[in-house]
Amino acid sequence: MGKMVKTLGFIIVATVLITFGESWDAENCSQEQARLRAQVHLLETRVKQQQVKIAQLLHEKEIQLLDRGEEDGIVDLGSKRQYADCSEIFNDGYKSSGFYKIKPLQSPAEFSVYCDMSDGGGWTVIQRRADGSENFNRDWNDYENGFGNFVQNNGEYWLGNKILHLLTVQGDYTLKIDLEDFEKNTRYAQYKSFKVGDAKNSYMLNIGEYSGTAGDCLSGNFHPEMQWWASHQRMKFSTRDRDNDNYRGNCAEEDQSGWWFNRCHSANLNGVYYRGPYTAETDNGVVWYTWHGWWYSLKSVVMKIRPDDFIPNII
């Protein structure tokens with residue numbers, strides 16, 4: 001009898017242990033499944049974050065290629081020497097227009113620019129409008145650092161106010177502005193002693209003697225009674241988020257561009273790209289007043305510079 005009781009007791013204890021063991025295993029398994037699900041969710045989240053980061057990096061790379069040009073698109077000069085501008089490249093024997101690397105005297109690094117080796121050669125292109133493909137309604141940082149399509153030979157861009165200062169602080173430069181309308185007519189305006197101030201002076205514009213066929217819009221000399229508000233001489237650069245003009249409002253905001261505005265302008269070569277005659281709340285087109293007035297937006301613009309004393313090396 002005693003042996004049967006012991007046996008029965010053993011069976012009961014074993015049954016209880018098995019039952020509780022199975023319950024503990026089920027609970028433990030459930031907890032393990034929950035932990036694994038949490039880990040999977042965390043990994044999925046991290047993968048998604050990495051995918052977003054990769055997409056951002058690819059986008060930034062794409063923008064960088066558009067903004068500064070692919071290395072394959074830059075003429076390789078074989079690190080022969082460092083050039084301060086395109087005039088030095090031209091006089092060193094490189095006569096083909098294209099993208100080259102330069103390093104102005106005070107620049108901390110090289111950068112690529114488009115060199116126009118036609119029209120006497122040696123021109124460093126600082127701005128181009130061609131087809132309206134680029135948005136010029138930008139903020140201060142964009143205009144300061146430069147933006148646009150530096151890959152295509154006819155791409156639209158602004159070289160950057162920092163670079164304009166670094167280039168023009170080297171000496172006396174001539175600014176030439178080539179203009180074309182939608183009827184295939186062309187004009188030009190040229191200014192000696194073109195200089196852009198530094199950041200502390202808000203990249204102030206200074207220009208000298210005018211010559212050309214388009215009329216003198218930048219100094220406003222076309223009409224003495226209009227010069228007080230139409231001249232761009234010694235005007236600080238303005239953008240929609242940095243108002244440096246003499247107008248009670250914000251010229252850059254109203255005319256949707258960055259420029260050396262006064263009250264507001266007689267020239268606005270960074271304006272909205274319309275196709276010839278246009279109507280708008282303000283005269284915000286690609287305007288050169290002395291040629292086509294305020295309500296005609298030009299087809300193409302090229303702003304380019306080279307030293308005043310440039311003598312082409314024709315050897």
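Predicted model: local features only at pLDDT ≥ 70, side-chain atom pairs only at ≥ 80, totals over all residues.
Local features need pLDDT of at least 70, side-chain atom pairs count only at pLDDT 80 or more, and totals for chains, interfaces and linings use all residues. Numbering starts from 1 along each chain as its sequence is written, and side-chain values use heavy atoms, with hydrogens and water left out.

**Strand β2**

Strands are DSSP runs of E, at least two residues long, and helices are runs of H or I of at least four, numbered from the N terminus. Buried means under 20% relative accessible area with a 1.4 Å probe, protein chains only. Strand β2 is largely enclosed by the rest of the structure, because 6 of its 6 residues are buried. Phe111, Val113 and Cys115 cover one side; Ser112, Tyr114 and Asp116 lie on the other. In a regular strand the side chains alternate between the two faces of the sheet.

Two strands pair if DSSP finds at least two bridges between them.

| Partner | Sense | Bridges |
|---|---|---|
| β1 (residues 98–102) | antiparallel | 5 bridges |
| β3 (residues 123–129) | antiparallel | 3 bridges |

Ser112 bridges to Lys101, and Asp116 to Trp123. β2 and β3 form a hairpin with 6 residues between them. Asp119 in that turn has a positive phi of about 55°.

**His232**

His232 sits in the loop between α5 (227–230) and α6 (251–255). His232 counts as buried because its relative accessibility is 0%. A polar atom of its side chain lies 3.2 Å from the backbone nitrogen of Ala267.

**Cores**

A nonpolar core is a set of buried Ala, Val, Leu, Ile, Met, Phe, Trp, Tyr and Cys residues joined through side-chain atoms within 4.5 Å. The largest has 62 residues, with Trp158 and Trp288 making the most contacts inside it. Apart from it lies another core of 6 residues, including Met226 and Trp229.

Terms used:
Buried < 20%, exposed > 50% of the residue type's maximum accessible area, 1.4 Å probe, protein only. Polar contact = N/O pair within 3.5 Å; in protein donor to acceptor, adjacent residues only side chain to side chain.
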